[in-house]
Structure formats: structure tokens, C-alpha cells
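Thank you all for coming; I would like to take a few minutes to walk through one model with you.

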Amino acid sequence: MDQSMFEQFGGDGSISDLIDQFYYKVLFDQSLRSMFLKADMTRVRLQQKTFFAQMFGCVHTKYTGKDLIEVHKNLSITDQQFDRFLHHLKCILADMNKPQELIDQILKKVDSHRNLIVFK
């Protein structure tokens with residue numbers, strides 16, 4: 001039986017590390033940080049960890065946060081900003097020594113949500 005992306009990635013602990021590192025980088029990125037200045041980052045991190053666990057195939061996790069469109073519709077996120085998010089994600093995954101095939105799968109899965117986050 002094939003492992004889910006969740007299992008390949010290393011489970012909850014690895015997802016938690018990924019999201020914590022991700023928001024550390026995002027909050028120091030001048031092109032992205034303004035979107036989070038008024039956000040409750042503890043809540044944002046928790047919701048993102050849950051969302052990623054479900055997206056990666058964890059059968060015990062159910063994201064119950066707001067719909068992605070609802071969360072992002074008033075943030076005016078551009079394709080360039082979304083690409084910066086992907087860049088940070090890719091760098092962190094490489095720093096975590098994840099296999100390139102898994103990195104590519106994750107980036108593809110995250111990018112598949114672009115149309116729910118970027119509004120033109």
C-alpha cells in the first residue's frame with residue numbers, strides 16, 4: 001500500500017515545523033508581511049497546520065476553518081505574491097531535506113489552490 005503524502009512527509013510534527021518556518025519567512029518578507037500584521041498568528045498557524053495535514057491526506061484531520069475563498073477574497077493577493085509563498089515553501093522543504101519528488105508533489109498540490117486565493 002502506498003504511503004499518503006502525510007506519511008511520506010513525516011506526519012504532524014513535520015507539518016508543524018514546516019508551517020512555523022514558513023510563517024517566520026513570510027513575516028520577514030516585505031512583499032507579504034502586510035497581509036498578516038493584524039492577524040492572530042497563533043490561529044493562522046493552527047488553521048494552516050490543519051489544512052496542510054488534510055491536504056496531505058491525514059485521515060484523522062478535518063479542516064474546519066473558513067472557506068479558502070472567504071479567507072482570501074479581501075486580501076488582494078497577486079500571482080507574484082502567491083509565487084513568493086511557493087518560493088518560501090520550496091526553500092523550507094529543501095532545507096528539511098525532503099525528497100525532490102515529494103517537494104514537487106507538495107508544490108503542485110498547493111498551487112492547485114491558487115484560483116481560490118488569487119483574485120484578478
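Predicted model: local features only at pLDDT ≥ 70, side-chain atom pairs only at ≥ 80, totals over all residues.

The protein chain contains 6 helices and 0 strands, so that, read along the sequence, its pattern is α-α-α-α-α-α. As for overall dimensions, the C-alpha atoms fill a box of roughly 40 × 30 × 25 Å along the principal axes, and the radius of gyration is 14 Å, which agrees with the value near 14 Å that a compact globule of 120 residues would have.

Among contacts with a separation of 6 or more, 72% are between residues 24 or more positions apart. On the charged side chains, there are 16 positive and 15 negative ones, and the centres of the two sets lie 6 Å apart.

Now to the loops, where which residue between helix 4 and helix 5 deserves a look? That residue is Ser 76, in the loop between helix 4 (68-72) and helix 5 (79-95), and it has a positive phi of about 55° although it is not a glycine. Because its relative accessibility is 57%, and the cut-off for exposed is over 50%, Ser 76 counts as exposed.

Asn 97, in the loop between helix 5 and helix 6 (100-111), also is a residue other than glycine with a positive phi, here near 60°. With a relative accessible area of 66%, Asn 97 is exposed.

How values were computed
Residues numbered from 1 in each chain as written. Heavy atoms only, no water. Helix = DSSP H or I, 4+ residues; strand = E, 2+ residues; numbered from the N terminus. Buried < 20%, exposed > 50% of the residue type's maximum accessible area, 1.4 Å probe, protein only. Rg over C-alpha atoms; globule rule 2.2 N^0.38 Å. Contact = heavy atoms within 4.5 Å. Lys, Arg positive; Asp, Glu negative; His and termini not counted. Charge placed at Lys NZ, Arg CZ, Asp CG, Glu CD.
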